Amino acid sequence: MIHQPITLIAFGYFGKSFLEQIAEAVNLEFSFPVNIVESHMDLAEFFDPARRQYDGNKILKAVDNFARQDSLKIIGLLHVDLFIPILTYIFGQAILNGHTGIASVCRLSSEHYGLDADDDLLLVRFTKVVIHELGHAFGLIHCTTPTCVMRPSTYVEDIDQKSTSLCHQCRSKLEINQM
């Protein structure tokens, strides 16, 4: 049986190897083929000058409208600083049990916190955010298991403390949701 793919849409340059490693991790976690698509979207209309950030709700809606019918789930990959009105910033966002999510590397880089660049750490952090948002798109809610990728992350340190994988309970819920 051939499954529809999960599609990662890169809005901006990420590097082929970087995207391929994320796609491989997503494939391992969800067991669906993963397509990588490079695209462009003018983000200017989503910029909030008062906050000097980009509105995650509006970008999520635009990516959802942009959605490819041949994809099971879509995650838009971005470089911009995201917010939603009730939070100072977000790493990503998804439509619960929906088709679409977004994730940004902006606040995941060590340089954002005045530290030396660490490309390996950036890749691991971004992979966790992408898998987390896909978990929401597949219907999973936040988890209390400390190492589960579905545990909420308020700070980048929270991301560092969890794994790239679903815990046993979330994996069971995912399998039930896919039936």
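In the predicted model, the largest nonpolar core holds 39 residues, of which V26, F30, L77, F126 and V130 touch the most other members. A nonpolar core is here a set of buried Ala, Val, Leu, Ile, Met, Phe, Trp, Tyr and Cys residues joined through side-chain atoms within 4.5 Å. Buried denotes under 20% relative accessible area, exposed over 50%, and partly exposed the range in between (1.4 Å probe, protein chains only). At least two residues of this core come from each of β1, α1, β5, α3, α4 (156-161) and α5 (168-177). Helices (H or I, at least four residues) and strands (E, at least two) are DSSP runs, numbered from the N terminus. With neighbours within four places in sequence left aside, F30 is in contact with I6, I131, L134, G135, F138, L166 and L174, contact meaning heavy atoms within 4.5 Å. Another core, of 18 residues, lies apart from the largest one and includes L43, I59, A62 and I84. In soluble globular proteins, nonpolar side chains tend to be buried together.

Residues are numbered from 1 along each chain as its sequence is written. Because the model is predicted, local features need pLDDT of at least 70 and side-chain atom pairs count only at pLDDT 80 or more, while totals for chains, interfaces and linings use all residues; side-chain values use heavy atoms, with hydrogens and water left out.

Five strands form an open sheet in the order β2-β1-β5-β9-β8, with mixed pairing. Neighbouring strands are turned by 15 degrees against each other on average, direction ignored. Two strands are taken to pair if DSSP finds at least two bridges between them. β8 pairs with β9 (residues 100-104) in the antiparallel sense over 3 bridges, and A103 in β9 is the bridge partner of G92. Helix α3 (residues 119-137) packs on the sheet and touches β1 (6-11), β5 (73-78), β8 and β9; its direction makes about 145 degrees with that of β5. Axes are lines fitted to C-alpha atoms, for helices over the stretch in contact, and angles run from 0 to 180 degrees between N-to-C directions.

Positive phi values occur in two loop residues other than glycine. S31, in the loop between α1 (16-30) and β2, has a phi near 60 degrees and is exposed, with a relative accessible area of 56%. R52 lies in the loop between β3 (47-48) and β4 (53-55); its phi is about 55 degrees, and R52 is exposed at a relative accessible area of 66%.
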